[in-house]
Amino acid sequence: MENIEQNAQNPIPERKKRIFSGIQPTGVFTLGNYLGAIKNWKALQDEYDCIYSIVNMHAITVRQDPAELRKRTLESYALALACGIDPEKSILFIQSHVPAHAEANWVLSCSTQFGELSRMTQFKDKSAKHADNINAGLFTYPVLMAGDILLYQADVVPVGVDQKQHLELARDVAERFNNLYGKTFTVPEPYIASSRGGGKIMSLSDPTKKMSKSDENPKGCVYILDEPNVIIKKFKSAVTDSDMEVAYREGKDGINNLMTIYGAVTGFSMDSIERDFEGKGYGDFKKSVGEAVAEHLAPIRENYSRYLSEKAYLEDCYRKGAEQAERIAQRTIDKMYKKVGFVAR
Ligand code: TYM
């Protein structure tokens with residue numbers, strides 16, 4: 001992991017450090033979402049005070065079918081539980097259940113510059129992809145995201161590499177607000193797995209592109225609920241190179257990606273993977289990666305069906321999560337409103 005340092009000279013703080021992160025409910029989570037973010041969310045639960053959100057407000061920056069969004073939000077919540085987010089240890093809530101997110105968004109918009117938002121590469125990509133719907137929300141999306149993080153005074157934010165720029169903006173906005181109005185927000189640190197560590201999982205059909213739900217080629221993206229035989233098939237057809245060596249090296253994007261995925265699900269180092277597959281063909285390697293991924297994801301599929309069928313339990317969890325989140329977020333909103341000069345009711 002980069003960007004996280006344990007300073008041996010500083011005493012261990014009394015309060016556990018706080019984590020915030022979110023995921024959009026725009027479909028089944030991909031293997032990229034899982035290895036780049038959720039797997040870390042799970043691992044961090046004991047060491048940190050964790051708050052995780054299904055960010056449905058972010059999802060409507062591109063057009064959604066309302067019934068489908070409602071369904072996917074609940075499915076994503078169940079999927080987060082199935083991936084090991086434990087509601088007894090962490091707060092897991094649905095973003096729109098906590099009104100402070102919309103409120104923070106407005107106040108922080110007034111501390112964010114048009115120029116800063118114009119530089120966001122994700123806005124440029126998404127506005128090219130959705131040229132018929134370049135709405136204001138798509139443009140100000142990083143402000144909503146900054147609010148998510150700052151409302152909870154998060155110390156650390158685990159995300160994949162693609163969210164790094166948004167996180168830097170959140171830090172800039174926090175610092176600007178603090179300088180203008182006095183200390184209000186904790187300035188969050190990113191927690192980003194290196195690309196070798198799963199921070200940027202690439203498409204299996206085009207390893208120069210990020211693995212994403214919007215991949216045009218269905219073989220490029222692995223979903224964490226895919227059946228084992230589907231997963232194995234997708235890996236078998238993964239694009240590699242004309243070389244014959246399983247080695248992590250510049251220019252071998254396809255193999256590098258497969259090695260990263262294999263390392264992330266098995267815990268094997270790149271060196272040991274290279275040794276194990278020395279002299280073997282890509283066919284063997286792809287088969288092993290597919291099988292290892294299918295095996296790793298099997299318990300998640302089982303847990304997911306169980307959680308989804310326990311409707312009352314799910315409702316109980318997301319209501320409790322919203323209450324817990326709201327308590328923290330409201331304290332920050334009250335502070336923000338006071339600082340900017342709003343009259344208390
Ligand atoms: P989203 O929903 O696109 O993705 C959720 C998480 O998955 C990571 N990710 C990947 N990591 C590695 N390789 C990939 N191919 C890959 N694809 C996705 C993302 O980096 C992310 O960590 N804006 C955010 C959601 C958000 C958020 C927040 C995150 C809203 N508010 C506050 C952190 C803190 C997003 O759209 O992620």
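Reader: What makes Glu245 count as partly exposed?

Author: Its relative accessibility in this predicted model is 41%. Partly exposed runs between the 20% below which a residue is buried and the 50% above which it is exposed, so Glu245 at 41% falls in that middle class.

Reader: And why does Glu245 with Arg249 get called a salt bridge?

Author: The closest N and O atoms of Glu245 and Arg249 are 2.9 Å apart. The rule asks for a Lys or Arg side-chain nitrogen within 4 Å of an Asp or Glu carboxyl oxygen, so the pair at 2.9 Å qualifies. Arg249, at 39% relative accessibility, is partly exposed too.

Reader: How do you know that Glu291 and Lys287 are separated by about one helical turn?

Author: Count along helix α12 (residues 282-309): Glu291 and Lys287 are 4 residues apart there, and that is why they are about one helical turn from each other. Their side chains meet in a salt bridge, at 3.4 Å from N to O, and the cut-off is 4 Å.

Reader: What makes Glu315 and Arg319 a salt bridge?

Author: Their side chains come to 3.8 Å, N to O. Since the limit is 4 Å, that passes. Glu315 and Arg319 lie 4 residues apart in helix α13 (residues 311-340), so about one helical turn separates them.

Reader: How many salt bridges does the rule give?

Author: The count comes to 20. Some are joined up: Asp241, Asp243 and Lys252 are linked in a network of salt bridges.

Reader: Why is Gln153 called buried?

Author: Gln153 has 14% relative accessibility, and buried means under 20%, so the label holds. Gln153 sits in the loop between α7 and β4 (156-159). Its phi is positive, about 50 degrees, although Gln153 is not a glycine.

Reader: What about Lys164, buried or partly exposed?

Author: Partly exposed: the relative accessible area of Lys164 is 38%, which lies between the 20% and 50% limits. Lys164 belongs to helix α8 (residues 164-181). From the C-alpha atom of Lys164 to that of Asp215 is 21 Å, and the two residues are 51 apart along the chain.

Reader: What makes a residue part of the lining of the largest cavity?

Author: An atom within 4 Å of a cavity point is what counts. By that test the lining is Gln122, Phe123, Lys126, Leu138, Tyr141, Pro142 and His166. Helices α6 (121-129) and α7 (136-151) each supply at least two of the lining residues. By class, the lining divides into 4 nonpolar, 2 polar and 1 charged.

Reader: Which helix gives the largest share of the lining of the second largest cavity?

Author: Helix α3 (residues 66-82), with 4 residues. The whole lining is Gly27, Val28, Arg72, Glu75, Ser76, Leu79 and Tyr304. It splits into 3 nonpolar, 2 polar and 2 charged residues; Gly is placed among the polar ones by this scheme.

Reader: Which residues come nearest to the ligand?

Author: Of the 26 residues around the ligand, the nearest are Gln24, Tyr141, Asp148, Asp162 and Ile201. Tyr141 is also one of the residues lining the largest cavity.

Key
Residues are numbered from 1 along each chain as its sequence is written. This is a predicted model: local features need pLDDT of at least 70, side-chain atom pairs count only at pLDDT 80 or more; totals for chains, interfaces and linings use all residues. Side-chain values use heavy atoms; hydrogens and water are left out. On a 1 Å grid over the protein atoms alone, a cavity is a set of points where a 1.4 Å probe fits but cannot get out, and a pocket is an open set with protein on both sides within 12 Å along at least five of seven lines; lining residues have an atom within 4 Å of a point. Buried means under 20% relative accessible area, exposed over 50%, partly exposed in between (1.4 Å probe, protein chains only). A residue is near a molecule or strand if one of its heavy atoms lies within 4 Å of it.
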